[in-house]
Structures are given as C-alpha cells and as structure tokens.
Amino acid sequence: MEPYQSIGIRRRLRRFFRRDGRALIFAMDHGFEHGPTDFEPVWEHVNPRVIIRKVVRAGVDGVMMLPGIARIAGDAVKPTAGLMIKLTSKTNLRPKEEQLLQSQLALVEDAIKLGADAIAATVYWGSPQEDVMMRQFAEIASYAHDLGFPVVQFAYPRGPYINEKYGKKEDYRVVMYGARAAAESGADMIKTYWTGSKETFAKVVDAAAGVPVLLSGGAKAENPLDFLKVVWEVIEAGGAGAVVGRNIFQRKNPEPMIRALIRVIHRNEDPEEAAKAEGLL
Ligand SMILES: O=P(O)(O)OC[C@H]1O[C@](O)(COP(=O)(O)O)[C@@H](O)[C@@H]1O
C-alpha cells in the first residue's frame, strides 16, 4: 500500500495540473520581489484581491503568492485553482551583493495554515549563497513531503561564475543544470527560464528527468503574440506550462491573454490563432 504522504502529494499536484499534465499559474510575488513599481502600468492591480479575482475568473489553474498576500487575498483563490505559497524571497532594495540570496519568510506550517496546496522556494543555483538556499529548500521539502505537500522549486541559476563561464544565465547548459539540480534535490515541480529555442528547452525538460518543468514568464512582451509563441515552444518542447506574472497583470485587460494562454497550453492551439480568437491581434 502507498504511504499517505505520496497520495497527498499526488492529489495536491492535481489541483494545478489538468488531465493533460499542464498548468497555467499566475505569479503574484512582485510587490515584494521587485517592488510595487511593477504594478504601475495598471495601478489597480496593486490590490491583490482585484487582480486575483480577475485571473481566477478567467481560468488560471493556480496562483502563487507569498504568505502575507495569502493572508490578505488568499480567499480570492476559489477552489477551481490551486494555491501555491512561496516561502522565500528578497527585496530589490538589498545591497547588490546580497541580491543573490533568497531568505525564508515563513514556515511550512504557516503555508499549510493559510490553505496552501503546494509550497514553493527559490534556489539561485550558482550564487555565492547557493549553500544557504539549498539547505532552506532541503528543510522545506523534507517537512512538506512528510506532511503530504508537493514542493515547487524556482530553479534560477544566477551568479558571477555563470556569467564568466557561460555569458548569461539563460544559456541552456546553465538552465538545464539548474533544472537537474532541482529534480535531484526533490522538487515536484520546477519553474525556470526560457532558453531561447524549443530544441534547447527540450533538453531542460529531459534533464529534469520527469519532474514537470514550467516556464518563468519574464518581463512583459509588448506584442502578446511574442509571448504566446514562447509558451507554445515550451509546450512543444515537452514543458508543463508556465508561471506568469507581468505578462498578465501589466495588461489593462488580462483576461484575453489568460484565455489565449489556456488555448496554447491546454488545447495545443497555434499561438497566432489563439491570439486572434481572443482579440489580441
Ligand atoms: O527574474 P527576477 O527579476 O528575479 O524576477 C522574478 C519574478 O519572476 C517570477 O518568477 C515570474 O513572474 P514574471 O512572469 O513576471 O517574470 C516572479 O515570481 C518573480 O517575482
């Protein structure tokens, strides 16, 4: 018979992934991680209840937030969507040399009390502070797994040696290394950077050895079609979807973008057709 914990982990993962094994998750930790300036393009979205209501109604599969936002607006995440609570973060106000560390803000128990379906933490692979984040992730994963909760790793390679050796953090050799390290450190879901092509992203997916890999959205694309094309390539490469923040909340009307993303991710629609169908072109 299966241990209770693994049944809990599988059930909770299904709150994010549809039958096709894919998910569109809305990211909402920017007020802390980048600062409220990220909301200036559409200021009403600085209110988490406003934007969360919109994205849930438009059909996202999950919402990711920090514990404090879950206290303020977690109840706006209706049961149609999974709630992912991220336990680590940093501000952009820190001295530059400390920017390569994510600190732990709250405990696994806090996330569970807040109703989390999954618990997330970031590791900056390659950071001079990698050791701290590895240990944080290990402790979070061990305890969360023990209680039957899935763990998501934002596997973001970044650090001086990466820049020196590979030129940029989006080099596929670096991204696939981070994804592999995430899988080997016990993640149930991985979020990482776009590598620039379907072929290279497919290697990232392979390196993750069966652990679902989701795209980390990135800065808002002025042309919505450009972003939909990237997500389409992620899916073609075997990726399991996307965790998207700015490309959703920096749009005055985020709903058509969400519906177009759902078409691409869950219905295998061509990005141009999806954009046209939702009036984005
Ligand atoms: O790469 P950066 O600047 O650290 O950005 C990290 C941000 O990107 C995300 O991982 C995804 O959001 P975006 O889709 O806006 O990029 C957020 O969760 C996080 O705050």
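Buried means under 20% relative accessible area, exposed over 50%, and partly exposed in between (1.4 Å probe, protein chains only). The model is predicted, so local features need pLDDT of at least 70 and side-chain atom pairs count only at pLDDT 80 or more, while totals for chains, interfaces and linings use all residues. Residues are numbered from 1 along each chain as its sequence is written, and side-chain values use heavy atoms, with hydrogens and water left out.

**Exercise 1. Helix 9**

Task: Determine which residues of helix 9 are buried, and where they fall as seen down the helix axis.

Solution. 
Step 1. Helices (H or I, at least four residues) and strands (E, at least two) are DSSP runs, numbered from the N terminus. Helix 9 covers residues 198-207, and its buried residues are T200, F201, V204, V205 and A207.
Step 2. Viewed down the axis, these buried residues fall within an arc of 165 degrees, so they line one face of helix 9. The arc is that of the directions from the helix axis to the C-beta atoms.
Step 3. Exposed residues E199 and D206 sit on the face of helix 9 turned away from its buried side.
Step 4. The cover over the buried residues of helix 9 includes helix 8 (172-184), strand 8 (189-192), strand 9 (213-216) and helix 10 (224-236). Contact here means heavy atoms within 4.5 Å.
Step 5. After helix 9 comes A209, with a positive phi near 50 degrees.

**Exercise 2. Salt bridges**

Task: State how many salt bridges the structure holds, and identify which residues are linked with E269 in a network.

Solution. 
Step 1. A salt bridge is a side-chain nitrogen of Lys or Arg within 4 Å of a carboxyl oxygen of Asp or Glu. The structure holds 18 of them.
Step 2. R263 and E269 form one, at 3.1 Å from N to O. R263 is buried at 16% relative accessibility, and E269 is also buried, at 19%.
Step 3. E269 has a salt bridge with R267 too, with the closest N and O atoms 3.9 Å apart.
Step 4. The network of salt bridges links R259, R263, R267, E269 and E278.
Step 5. Another pair is E222 and K220, whose closest N and O atoms are 4.0 Å apart. E222 is exposed, with a relative accessible area of 65%, whereas K220 is partly exposed at 25%.

**Exercise 3. The position of G148**

Task: Locate G148 in the chain, and find which residues it touches beyond four places in sequence.

Solution. 
Step 1. G148 is in the loop between helix 6 (130-146) and strand 7 (151-155).
Step 2. With 2% relative accessibility, G148 is buried.
Step 3. Leaving out residues up to four places away in sequence, G148 touches Q5, G8, I9 and R12.
Step 4. G148 and R10 are 138 residues apart in sequence, and their C-alpha atoms are 8.5 Å apart in space.

**Exercise 4. The ligand**

Task: Name the residues that come nearest to the ligand.

Solution. 
Step 1. A residue is near a molecule or strand if one of its heavy atoms lies within 4 Å of it. Of the 16 residues around the ligand, D29, Y156, K191, G218 and R246 come nearest.
Step 2. A side-chain N or O atom of Y156 is 2.4 Å from an oxygen atom of the ligand.

Terms used. Polar contact = N/O pair within 3.5 Å; in protein donor to acceptor, adjacent residues only side chain to side chain.
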